[in-house]
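Visitor: I would like to learn how to read this model, feature by feature. Where do we start?

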Amino acid sequence: MALTDTRIRQAKPKEKPYKLLDGHGLHLEVRPTGAKLWRLRYRLAGKENLFAIGKYPEVGLLEARNERDAAKSVIKNGVHPSHQRKLDQIRQSNAHANTFEAVALEWVERNAGEWTQRTRIQRERLLESDVFPVIGSLPISQVSPAHVLDILKRVEKRAPTMAVIATQSISAIFRHAIVTLRAESDPTAPLRGAIKTKPVKHHKPLTERQLGQFLRSVEDYPGQFGSKTALKLMFLTLVRSVELIQARWQEFDLEKALWTIPAERMKGREAHRVPLPQPIPDDLEQKIQ
């Protein structure tokens, strides 16, 4: 006789465990403690086995029957349902470890040694503020072009240049996932051209007359001595502004007239030596003025 919810609820514990049969190997074991446990009895390879489905009422009657039917399908394939359950748990655990956020953080750590500190901070902030809230918890294999396009359009409204960096970063993360066998394709590939960037407008170079005006303006600049010196040094050495701003006194060898920028502050991660200018000859100074 098949079980009913009423009969299960009314079952009282006895001195010894006893069974309430439901059918097709499924039964409810009622223990002296009052615990009610779903069990499935089955045979595999000529041996009788018992599969623990769960505890009532956490697992109801209908759910227990569904679990019984699923287990029987597994048993038909010659697999113990308990083994299949462990395999499913491992797969679920691996899926969690293979979320987009997990793979992205792995990618950041893998490349951090090749980036400047500024680049790493930029990438991490972009991922945390714009990417992870949308797709961070998804298995990376389930991220679609539609997900990525939604992210890029949001970033583009705020900062078109950052949308390009977001595209490059997401694509690089997927390339890392592909080579580590956690994704099969890059969803940014169909989106090429979706983000339109403004054409770069370069400033025209200074003419000889403008150059002289610039140098005189710097000389007459009423601001701080450090700012004035920085402008002159950047003009004479042609270094990037960030290299100049972060310069330290210990990097300068005035006797050898040499400025050595350490590798950690260079894009190429190699130390860069910059010859320091000698005083401008009077005749050249008069010419450019």
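Guide: With axes. An axis here is a line fitted to C-alpha atoms, for helices over the stretch in contact, and angles run from 0 to 180 degrees between N-to-C directions. Keep in mind that this is a predicted model. Now the case: helix H2 (residues 61-76) lies across E1, E2, E3 and E4. H2 runs at about 20° to E3.

Visitor: In what order do the four strands of that open sheet come?

Guide: The order is E1-E2-E3-E4, and the pairing is antiparallel. Look at the edges next. Strand E1 (18-23) and strand E4 (47-56) stand there, each with a single partner strand, so one side of each has no neighbour in the sheet.

Visitor: How many bridges join strand E2 to strand E3?

Guide: Five bridges join E2 (residues 26-30) to E3 (residues 36-44), and the two run antiparallel. Leu28 has Trp38 in E3 as its bridge partner.

Visitor: On to helices. What should the 13 residues of helix H9 span at 1.5 Å a residue?

Guide: The expected span is 1.5 Å times one less than the number of residues. For H9 (residues 225-237) that gives 18 Å, and the end C-alpha atoms are 18 Å apart, which agrees. H7 has 20 residues and should span 28 Å; its end C-alpha atoms are 29 Å apart, which agrees.

Visitor: Which residues of H4 are buried?

Guide: Buried means under 20% relative accessible area. In H4, the buried residues are Phe100, Val103, Ala104, Trp107, Val108 and Asn111. Look down the axis of H4: these residues fall within an arc of 145°, so they line one face of the helix. Glu109 and Arg110, on the other side of H4, are exposed. What covers the buried residues of H4 includes helix H5 (117-135) and H7.

Visitor: And what covers the buried residues of H7?

Guide: The cover includes H4, H5 and helix H6 (145-158). The buried residues of H7 include Ile165, Ile170, Phe174 and His176. After the helix, check the backbone. Leu181 follows H7, and its phi is positive, near 65°.

Visitor: Back to H9. Which of its residues are buried?

Guide: Lys228, Leu233 and Thr237 are the buried residues of H9. Seen down the axis of H9, they fall within an arc of 145°, so they line one face of the helix. Their cover includes H8, helix H10 (241-245), strand E5 (252-253), strand E6 (258-261) and strand E7 (272-275). Leu238 follows H9 with a positive phi, near 60°.

Visitor: Now charges. How many salt bridges does the structure hold?

Guide: A salt bridge is a side-chain nitrogen of Lys or Arg within 4 Å of a carboxyl oxygen of Asp or Glu. By that test, the structure holds 14 salt bridges. Take Arg31 and Glu29, whose closest N and O atoms are 2.9 Å apart. Arg31 is partly exposed, at 34% relative accessible area, whereas Glu29 is buried at 14%.

Visitor: In the bridge of Arg68 with Asp69, how far apart are the closest N and O atoms?

Guide: They are 3.2 Å apart. Arg68 is buried, with a relative accessible area of 9%. Asp69 is partly exposed, at 39%.

Visitor: Which parts of the chain does the pair of Glu106 and Arg182 tie together?

Guide: Start with the contact: the closest N and O atoms of Glu106 and Arg182 are 2.7 Å apart. Glu106 lies in helix H4 (residues 100-111) and Arg182 in the loop between helix H7 (160-179) and helix H8 (208-219), so the pair ties together parts that are 76 residues apart in sequence. Glu106 is partly exposed at 34% relative accessibility, and Arg182 is buried at 18%.

Methods
Residues numbered from 1 in each chain as written. Predicted model: local features only at pLDDT ≥ 70, side-chain atom pairs only at ≥ 80, totals over all residues. Heavy atoms only, no water. Buried < 20%, exposed > 50% of the residue type's maximum accessible area, 1.4 Å probe, protein only. Arc of directions from axis to C-beta. Contact = heavy atoms within 4.5 Å. Pairing = 2+ DSSP bridges.
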